[in-house]
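Please open the model in a viewer and keep the sequence panel beside it.

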Amino acid sequence: MGIVNNSYNYFLAICLGFYFEKKLKNVKKMKNRRKRNTHKKRLNIIRQKMQEKNVSAILVTHRPNVFYLSGFTGTSGFLLVTPEEALLYTDFRYLQQAGEQAAAFEIVKVESSIDYSRMAELLTRRALKKLAVEEAHFNLREFNLLKNAIPGIELLPLYNFFEEIRAVKEKPEVELIARAAGIADEAWQEVLPLLKPGISEMEVAYELEYRLRKRGSEKLPFEIIVASGERSALPHGLAGTRIIREGELVTVDFGAVYGGYCSDMTRTFLLGEPSEKQREIYNLVYEAQEMVFKMIKTGQQCLGVDTVVRQYFQQQGYGAYFGHGLGHGVGLEVHELPTLSPKGQEILQEMMVFTVEPGIYIEKWGGVRIEDLVVLCPYGLQILTRSGRTLVLG
Ligand code: ZN
Ligand code: ZN
């Protein structure tokens, strides 16, 4: 009986093993198919835009754009997209990875990331006379090498070509950004009990980084900013050795990266009792942010939203102390389109993800910034940052 039972169990285990292995393979296949479809869809959008701009070949070198279009995460490689072809050029180190990650692309082996010879052959074969390049992402050496590699082919500079498309997110992208925002929230929550007078800015940054990483942040999207006391007047004051004391304003600006997507948030806090002025300025910044949350809608121009806050601070007598833009897009890069600043020409659209970060900075006194990450949904604004916004801690 025992033997029968054992062999039966053994048989069952093997069957189950096969079943789950098949199921896992199916899940993997489904995921790959979904990824390939995503990239094919993006390629279609790019090709449509190429047609509108009368571009017949485009070279993609900026890594976030390479990843967005192909899924390839290697550090060496570039893409060529024409109406018929989608090619990924990379060296031997990344051939296998490229094959696995960039299923919508044909992989071509080259010697290095500045070896344009294979691409030149193709352009010549197809008698293409113009090649569009991302002008903001080329250094002079690369530019000269490229020019020499394709004599007779005109280089057409493109600015923000992919970035404009990337500004409007797909649902899975928003989910990844929301997760990155969640990791930052959780890490902040864990650090709060450690914030006591006597802790240094660097210790705060370290404790935060440790927890961000532990909770799954793939890297830091930017160096953590911890600026205390007078230093809080520096909007981008990196954490230093300064000791945080009672009654000082402290600005902490940080984020996480998940699935390649970034988050970005800032909290300003104070240990002990705030002065009247500290409270007044904190409340002003808080009110300004609330105002934006209530008024923001699709169809508004970015600079208009920025102006509302700028005018509000002006009315309150602090117009000169808000020296940076109101916010910026966040995605594969921590600063991307749209730009909510006096120069922001973009029109806000559904599925744009950006920060709302008003701030007031007074030299030799201190500063306050509160920054939340938001997404514009069909039904309005959704705030992705969930951490509380209270000034006084402990
Ligand atoms: Zn920030
Ligand atoms: Zn920011």
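Begin by selecting Asp-264 and His-328, both of which are buried. The coordinates come from a predicted model, and every value quoted below is computed from it.

**First stop: the zinc ion (ligand 2)**

Display the zinc ion (ligand 2) together with the side chains around it. Which residues coordinate the zinc ion (ligand 2)? The donors are Asp-264 (OD), His-328 (NE2), Glu-357 (OE) and Glu-371 (OE), at 2.0 to 2.2 Å. Along the sequence, these donor residues follow the spacing D-x63-H-x28-E-x13-E. Asp-264 sits in the loop between β10 (261-262) and β11 (265-271), whereas His-328 belongs to strand β12 (residues 327-329); the pair, 64 residues apart, links distant parts of the chain.

Next, inspect the angles at this ion. The 4 donor atoms of the zinc ion (ligand 2) make angles of 78 to 149 degrees, and the site is irregular. For reference, the ideal angle for four tetrahedral donors is 109.5 degrees.

**Second stop: the zinc ion (ligand 1)**

Move to the other ion. The zinc ion (ligand 1) and the zinc ion (ligand 2) are 3.1 Å apart, with Asp-264 coordinating both. Asp-253 lies in strand β8 (residues 249-254) and Asp-264 in the loop between β10 and β11, so this pair ties together parts that are 11 residues apart in sequence. Asp-253 and Asp-264 are both buried.

Select Cys-302 and Cys-377. How many disulfides does the model contain? The count comes to 0 disulfides. Cys-302 is in no disulfide, and the nearest cysteine sulfur, that of Cys-377, is 16 Å away. A disulfide would require the two sulfur atoms to lie within 2.5 Å. Cys-302 is buried, at 0% relative accessibility. Cys-377 is likewise buried, with a relative accessible area of 9%.

Select residues 276-295, which form helix α9. Why does the span of this helix agree with expectation? At 1.5 Å a residue, its 20 residues should span 28 Å, and the C-alpha atoms at its ends are 28 Å apart. Colouring α9 by accessibility picks out its buried residues, including Ile-281, Tyr-282, Leu-284, Val-285, Val-292 and Phe-293.

Turn to Lys-49, found in helix α1 (residues 2-52). Is Lys-49 buried or exposed? Lys-49 counts as buried, because its relative accessibility is 11% and the cut-off for buried is under 20%. A polar atom of the Lys-49 side chain lies 2.8 Å from the backbone oxygen of Phe-161. Leaving aside residues up to four places away in sequence, Lys-49 touches Asn-160, Phe-161, Glu-164 and Ile-165.

Then select Met-202, which is found in helix α8 (residues 201-214). Met-202 is partly exposed, with a relative accessible area of 45%. With residues up to four places away in sequence again left out, Met-202 touches Ala-239, Gly-240 and Thr-241. A C-alpha to C-alpha distance of 9.2 Å separates Met-202 from Ile-224, and the two are 22 residues apart in sequence.

**Last stop: backbone geometry**

Finally, display the backbone around Leu-337 and Pro-338. A cis peptide bond joins these two residues, with omega about 0 degrees. Pro-338 has its place in strand β13 (residues 336-340).

Continue to Met-351, in the loop between β13 and β14 (353-356). Phi of Met-351 is near 70 degrees, a positive value in a residue other than glycine.

The tour ends at Lys-364, in the loop between β15 (359-362) and β16 (366-369). Lys-364 is not a glycine, yet its phi is positive, at about 65 degrees. At 65% relative accessibility, Lys-364 counts as exposed.

Technical notes:
Residues numbered from 1 in each chain as written. Chains lettered and ligands numbered in written order. Predicted model: local features only at pLDDT ≥ 70, side-chain atom pairs only at ≥ 80, totals over all residues. Heavy atoms only, no water. Donors = N, O, S within 2.8 Å, 3.2 Å for Na, K, Ca; no water. Tetrahedral: all angles 85-135°; square planar, octahedral: opposite > 155°, others 65-115°. Helix = DSSP H or I, 4+ residues; strand = E, 2+ residues; numbered from the N terminus. Buried < 20%, exposed > 50% of the residue type's maximum accessible area, 1.4 Å probe, protein only. Expected span 1.5 Å × (residues − 1). Contact = heavy atoms within 4.5 Å. Polar contact = N/O pair within 3.5 Å; in protein donor to acceptor, adjacent residues only side chain to side chain.
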